[in-house]
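Please take a moment with the sequence and the model, and then follow the paragraphs below, which lead from the contact between the chains to individual residues.

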There are 2 protein chains.
Amino acid sequence: MNEYIAFDSAKALEYVQQLGGFFADDAVLNCYEFGDGNLNLVFRIADDSNNSIILKQALPYARRVGESWPLTLDRARIEANVLLKHGAVCEAHTVKVLHQNDTLAVTILEDLGHLAILRGELNHGKTFPNLGRDVATYLATTAFYYSDFYLTPAEKKALVMEFTNPELCSITEDLFFDDPYRPSERNNYPKALAPEVTKLQANLALKLAVAKLKATFFSSPQALLHGDVHSGSIFVDVNTTKLIDPEFGFFGPIGFDLGSFIGNLLLNFVAQNGRISALPKRRDVHTYLLSTIQTTLSDFEQQFKHLAHTKTRDLALQTEGYVESFLVDVLQDAVGYCGTELVRRTIGLAHVSDIDGIEDDNKRLAAQVQALFVGQQLILNASSVKNKDDFSQLLLSLIQ
Amino acid sequence: MNEYIAFDSAKALEYVQQLGGFFADDAVLNCYEFGDGNLNLVFRIADDSNNSIILKQALPYARRVGESWPLTLDRARIEANVLLKHGAVCEAHTVKVLHQNDTLAVTILEDLGHLAILRGELNHGKTFPNLGRDVATYLATTAFYYSDFYLTPAEKKALVMEFTNPELCSITEDLFFDDPYRPSERNNYPKALAPEVTKLQANLALKLAVAKLKATFFSSPQALLHGDVHSGSIFVDVNTTKLIDPEFGFFGPIGFDLGSFIGNLLLNFVAQNGRISALPKRRDVHTYLLSTIQTTLSDFEQQFKHLAHTKTRDLALQTEGYVESFLVDVLQDAVGYCGTELVRRTIGLAHVSDIDGIEDDNKRLAAQVQALFVGQQLILNASSVKNKDDFSQLLLSLIQ
């Protein structure tokens with residue numbers, strides 16, 4: 001198979017059988033497709049002894065809108081290679097790649113079916129004690145080892161080229177930084193939100209801050225990012241946290257991944273007002289989400305600093321105080337990007353089920369208003385945040 | 001000739017004759033090599049009617065240290081392509097490429113022999129009224145058209161890959177940001193300067209600021225830079241200003257080129273104290289250099305703003321006030337990089353004839369001490385410079 005062809009279940013099964021090595025020779029296999037994304041096919045192939053693998057294949061177009069929106073297959077190469085790079089330094093929290101075929105845009109991955117997607121779990125009010133620590137470990141470790149602190153300049157430049165990802169970056173550039181801040185056919189919000197959107201789109205200070213975030217997204221290749229750390233890209237159970245789906249990976253600002261993750265926790269936070277009626281339970285979930293945000297920030301900082309103090313290879317970046325100063329900038333970027341995630345998930349093209357799944361119209365609207373408010377304030381105040389306590393205070397002032 | 005071979009005059013002549021098109025068919029040509037750099041051969045080929053061209057060939061090693069320091073021939077491709085890109089938007093101030101052969105690392109250029117190299121002219125106390133305006137035009141125009149303001153994100157990412165230049169960037173990374181700030185065998189300064197160097201290398205605030213400048217050099221691909229804008233890369237006469245030699249070109253922080261140029265004017269400024277004895281003449285030259293720096297900064301700002309206000313294609317970067325904010329950052333970077341140029345040209349590997357050519361030992365040492373002082377203060381105070389008047393005041397406080 002030297003040319004791309006989109007698989008059906010039979011073809012996926014045949015491909016795996018021809019490869020061999022995943023199952024016993026006489027295993028009876030079954031295969032079904034269950035992708036709910038709009039960009040890829042996802043097959044589960046299992047034997048009758050509970051052994052299973054995932055075969056993911058990129059489609060040459062965006063599925064939801066038919067074949068009219070072509071999309072590079074190269075993203076399968078990017079995704080598999082980001083997973084390999086991230087897995088090499090943070091095996092515990094990166095889904096394992098078992099095979100890749102760039103021509104077919106196929107990646108075979110370990111099956112994480114025993115875990116659950118974080119977003120659904122949070123929507124059901126479930127909590128995961130290790131989540132903040134684990135995501136912090138993933139973000140700090142992958143960011144450090146693929147940054148100027150650790151890579152030689154030549155290694156870094158070669159990787160920047162390998163992970164140049166114009167088509168998928170372009171989606172982020174449009175959806176995060178352009179569409180929500182001006183009238184766009186791709187925007188999506190209820191009529192009742194229109195007055196808020198009009199105000200947002202007329203707020204020059206906000207648009208200026210977003211322009212700076214976009215410029216940083218364009219021209220700040222600090223580390224090899226995941227590029228799409230939302231609650232749908234994280235598998236969890238009470239002990240385990242695994243990141244999947246880094247097809248938006250590229251060298252960008254470290255604060256982008258960090259801010260995206262925190263933004264998703266905050267989207268769930270505002271959504272819970274419309275999801276959980278019982279006040280004590282809602283308080284518990286709110287407390288959990290805020291404490292997870294705190295843990296993420298403090299563990300990220302602590303782990304990145306520890307790595308920088310012990311393993312920085314660049315001479316100049318070893319200078320006392322440098323990493324601390326660097327991490328203030330990362331935090332400010334993260335706060336800003338977090339804000340853009342709240343805004344774009346509320347009025348842009350791609351929403352989150354946390355909010356959209358609220359059944360009561362008024363409660364859903366209230367959550368949207370709050371997400372939009374918190375998002376804008378985070379963007380506007382990001383540059384005044386100098387440490388994680390500043391961020392906590394800012395956040396508490398916005399959500400109470 | 002499908003394999004690299006280093007030319008002598010006869011081979012250079014033969015190559016030009018085989019190409020054809022530069023001279024009349026029956027022209028009597030002569031060819032001589034006159035490169036004084038340490039990385040390249042430079043031949044002048046002329047007929048007896050005053051027509052001439054320059055053939056430049058990269059050597060696969062650094063000439064000054066023999067064949068022991070290999071250096072990529074790819075820099076000839078980079079140099080020719082930067083000249084083509086820069087020439088496409090700023091023909092008036094970019095030397096013209098007539099032919100390129102990447103395999104042979106050969107570029108044929110228009111002969112600028114009727115002009116003179118700026119450094120030698122400044123060393124003789126000569127002044128050029130258009131210099132600041134012209135260099136500002138070159139820097140503003142090339143930076144704008146090869147930045148996120150103007151390029152589409154996909155065009156930009158493709159060019160960043162095309163102009164990835166690890167080996168020559170590595171030279172800058174070492175010589176500008178590492179060597180001068182720690183003991184290094186490559187450093188070069190008189191014993192009498194040792195106490196100043198020891199203090200400099202123990203100055204933590206300075207080293208921290210330099211680490212930030214190095215990190216920005218690593219990870220801020222704002223525009224396609226020349227990468228080596230010193231007084232030896234500029235041909236001038238009273239009407240004309242032409243930039244040559246962008247083999248260090250890459251996508252980097254716009255302030256680097258701007259700061260390098262201003263740094264070279266300041267190196268000449270401090271050198272003139274040891275060069276011109278007659279006070280009125282020295283004052284004139286000093287006034288000229290300061291006013292050229294002023295013109296460079298104000299014209300750069302004005303021209304970049306004008307381009308941004310009229311030709312920015314990115315939607316978010318069109319936001320009112322964005323370019324003004326961006327240019328404050330560029331200015332601060334420029335002030336810092338200017339400081340590193342003064343420091344590295346005084347105590348690092350590569351010096352400038354402006355200072356080294358001062359005959360009197362004491363006067364030369366005084367110039368070195370001043371260059372080192374001004375350089376450090378610029379690095380330390382760069383972040384407090386908010387506009388070009390702040391910079392003027394800072395500069396005047398340091399040199400008077």
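**Where the two chains meet**

The contact draws on 34 residues from chain A and 34 residues from chain B, where contact means heavy atoms within 4.5 Å. This is a predicted model, in which local features need pLDDT of at least 70 and side-chain atom pairs count only at pLDDT 80 or more, while totals for chains, interfaces and linings use all residues. Residues are numbered from 1 along each chain as its sequence is written, chains are lettered from A in the order in which they are written, and side-chain values use heavy atoms, with hydrogens and water left out.

Four salt bridges are counted between chain A and chain B, a salt bridge being a side-chain nitrogen of Lys or Arg within 4 Å of a carboxyl oxygen of Asp or Glu. Lys157(B) forms a salt bridge with Glu173(A), and their closest N and O atoms are 2.9 Å apart. On the side of chain A that touches chain B, the elements giving two or more residues are helix 5 (153–162), helix 6 (166–177), helix 8 (204–218) and helix 11 (322–347) of chain A, where helices are DSSP runs of H or I with at least four residues, numbered from the N terminus. Helix 8 of chain A gives the most to that side, with eight residues.

Pro166(A) has its place in helix 6 of chain A. Leaving aside neighbours within four places in sequence, Pro166(A) is in contact with Ala154(B) and Lys157(B). Is Pro166(A) buried, exposed or partly exposed? With a relative accessible area of 31%, Pro166(A) is partly exposed, since buried means under 20%, exposed over 50%, and partly exposed in between (1.4 Å probe, protein chains only). Pro166(A) and Thr72(A) are 94 residues apart in sequence and 9.5 Å apart in space, C-alpha to C-alpha.
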